[in-house]
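Hello,

Here is the structure I promised to pass on. My notes follow below it.

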Amino acid sequence: MKQVSYSQYSLWKQCPYQWKLQYVDKIKSTDPSIHLIFGSAMHEAIQTYLSCMYNFTVKEADEIDLNDLLRRKMKEFYIKDVVEKEQTHLIEQEDMVTFFQQGVTILDFLKKKRANYFNKRSWTLLGIEEKLAIPIRGDLHFLGFMDVVMKDEISGKIKIIDIKTSSRAWNKYQKANEVKNDQLLLYKEYYSKKHNVPVEMIDIEFFIVKRMLYENVDFPQPRVQKHVPASGKPSMNKMRTRFEEFVETCYDTDGNVRNIEYEKCTSKCKAFTNCKTL
């Protein structure tokens, strides 16, 4: 089965040349980073907490040593994604310690303020890392994994939540970024197809946890920011147009990748800093 994912689409929108190197020429163009290691470990910690909370009790979830889980997962991902693959140590121990300490602060905040973001009164947990594998054309399938899927038993609505780790809060430009928001619009589209649920019965939400807070501000800053992208008919139609352009350009009718020649980015491209070194 041939696969296309949101990350492929996002990279193509950012820099077609880097997309070709990675997905056509099979040349890795990015190195593992502390941000990826921390993000993966934080996902596991939050998902473990939510899974226990909804499948068992809040008390049992609160008793999980999330700090130790975060530490172990950061070490595990570091060994797997850096040491074993790269045969070297690309990340400083000081950075690992700093990110871990910031993660502890996030998890402590989440447990204390849990009721502001997650409750059990009407919500049911449907899935953690639920897989989407939906045919697009030929043998080409859309592949995605949804961080958290929940259902409001009162309204019957589904909510798809994507967990993001961020240095600080998303600004207005990040929240308005069409391609960034397309991730959840795509999940909404293909969850609807997988489960035969009307798209209007599916809500989406980015759950953003912040490692740092802004200094010298006159208002309290939570460690969590929620961003709900517009996902009505106009937004869904625009997403479909953008994603279909990617699929039509990059894959033939059988789902085979097209070997298109792309030039390196110009200095006007956001990806130029990375692209010029390739």
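In strand S3, glycine 144 is the bridge partner of leucine 132.

Two caveats. This is a predicted model, with local features needing pLDDT of at least 70, side-chain atom pairs 80 or more, and totals for chains, interfaces and linings using all residues. Numbering starts from 1 along each chain as its sequence is written, and side-chain values use heavy atoms, without hydrogens and water.

S3 and its partners: strands count as paired if DSSP finds at least two bridges between them.
- S2 (residues 123-137) runs antiparallel to S3, joined by 12 bridges. Their hairpin has two residues between the strands, and glycine 138 in the turn has a positive phi of about 55 degrees.
- S1 (residues 2-5) pairs with S3 in the parallel sense over four bridges. Valine 4 stands opposite phenylalanine 142.
- S4 (residues 158-166) is antiparallel to S3, with four bridges. Valine 148 faces isoleucine 161 in S4. Five residues separate the strands in this hairpin, where glycine 156 takes a positive phi near 85 degrees.

How many residues of S3 are buried? The count is 11 of the 13 in residues 140-152, so S3 is largely enclosed by the rest of the structure. Buried means under 20% relative accessible area (1.4 Å probe, protein chains only).

Best wishes

Technical notes. Buried means under 20% relative accessible area, exposed over 50%, partly exposed in between (1.4 Å probe, protein chains only).
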